[in-house]
Amino acid sequence: MMKRTSLGNNRLIRKFQELSERNEAALICYVVAGYPDILTTDDIVSTIVKGGADIIEIGIPFSDPIADGPTIQEASYRALVGGVTPEKSLKISKNIRIKYPSIPIVILTYSNILQKAGFENFMKNSKECGVDGFILPDMAIEESDMYVTEASRLGLATIFLTSPNTTPSRLEAILSKASGFIYVVSVYGTTGQRSSFEDYSFTVIRNVKHVVGSRLPLAVGFGISSPSHIKPMLRAGADAIIVGSAIVDIIKNFSINKKKMLQQVEVFVRNMKKACK
């Protein structure tokens, strides 16, 4: 099975090392590129960074986002209707990189986006725009050799997802192709806010941690929307927390008052980051 080469000086590696030395978990915050519009996306990201986010995850809108629940599906649809393209999404990443030279940026999108543009071409452009890695929820490890090889050549992380029903042997296969971190899906189903988590979610985190050990950080996502959700996940073995739908919901709920929306996003992110310490 193919092995990953070192990511070298990738910003993700540096960030996790830095946080580990401070005994902090990483807060990864997701936004949909171009939602509610491109200029506001830039402002939202700046607000998220100001609130204390450690890593920015940019979602490139796609017409069939199979891993996403209604909140992110709607935001992606509205971004597409507004004329957002993969190229414009990468321009957003480039703007973030210029403004924040050291913060890691991860792109979440679907394989068709890269295939249409050409994997090599798209990843090269992404690297030039300051991107540090990719999350492709529909990329099967059995079909990922070209993707992993090209990403490795460019020093880009290939972040794969595990689900609650991923077996230890399957997890080992994922680890042979993964870099940056492992994305642990904490629940069955799609993304979206949840009021609470069942015991199986924490069992999933512990089981993945048992297999992965210290080889890669574990980032837990899907449904996390409150500081109270975070501590139990950290105790179970999470090294990072991913928050997406909760932020998108704030953006939607305060869309008619941009100033208020940015204030609410900052308060939310700040409270979530406090729980990561």
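Just after helix α6, Gly130 adopts a positive phi of about 90°. The model is a predicted one.

**Helix α6 and its surroundings**

- Helix α6 spans residues 119–128, and its buried residues are Phe119, Phe122, Met123 and Ser126.
- Viewed down the axis of α6, these buried residues fall within an arc of 95°, so they line one face of the helix.
- Glu120 and Glu128 lie on the other side of α6 and are exposed.
- The cover over the buried residues of α6 includes the helices α4 (86–99), α5 (111–117) and α7 (145–154), together with strand β4 (133–135).

- Strand β6 (residues 161–162) runs parallel to β7, and two bridges join them.
- Within this pairing, Thr162 stands opposite Val184 of β7.
- Between β6 and β7 the chain passes through helix α8 (residues 168–175), forming a β-α-β crossover that is right-handed.
- Strands β7 and β8 are also parallel, and four bridges join them.
- Val184 has Val220 as its bridge partner in β8, while Thr162 stands opposite Val184 as well.

- Asn23 has a positive phi of about 60° although it is not a glycine.
- This asparagine, Asn23, belongs to the loop between α1 (11–21) and β1.
- Asn23 is exposed, with a relative accessible area of 68%.
- Phe222 is likewise not a glycine, yet its phi is positive, at about 85°.
- The position of Phe222 is in the loop that links β8 (218–221) and α10 (227–236).
- Phe222 is buried, having a relative accessible area of 7%, whereas Asn23 is exposed.

**A cis peptide bond**

- The peptide bond from Tyr35 to Pro36 is cis, and its omega is near 0°.
- Pro36 is located in the loop between β1 (26–32) and α2 (38–51).

Technical notes
Residues numbered from 1 in each chain as written. Predicted model: local features only at pLDDT ≥ 70, side-chain atom pairs only at ≥ 80, totals over all residues. Heavy atoms only, no water. Buried < 20%, exposed > 50% of the residue type's maximum accessible area, 1.4 Å probe, protein only. Arc of directions from axis to C-beta. Contact = heavy atoms within 4.5 Å. Pairing = 2+ DSSP bridges. Right-handed = clockwise from strand over helix to strand, strands pointing away.
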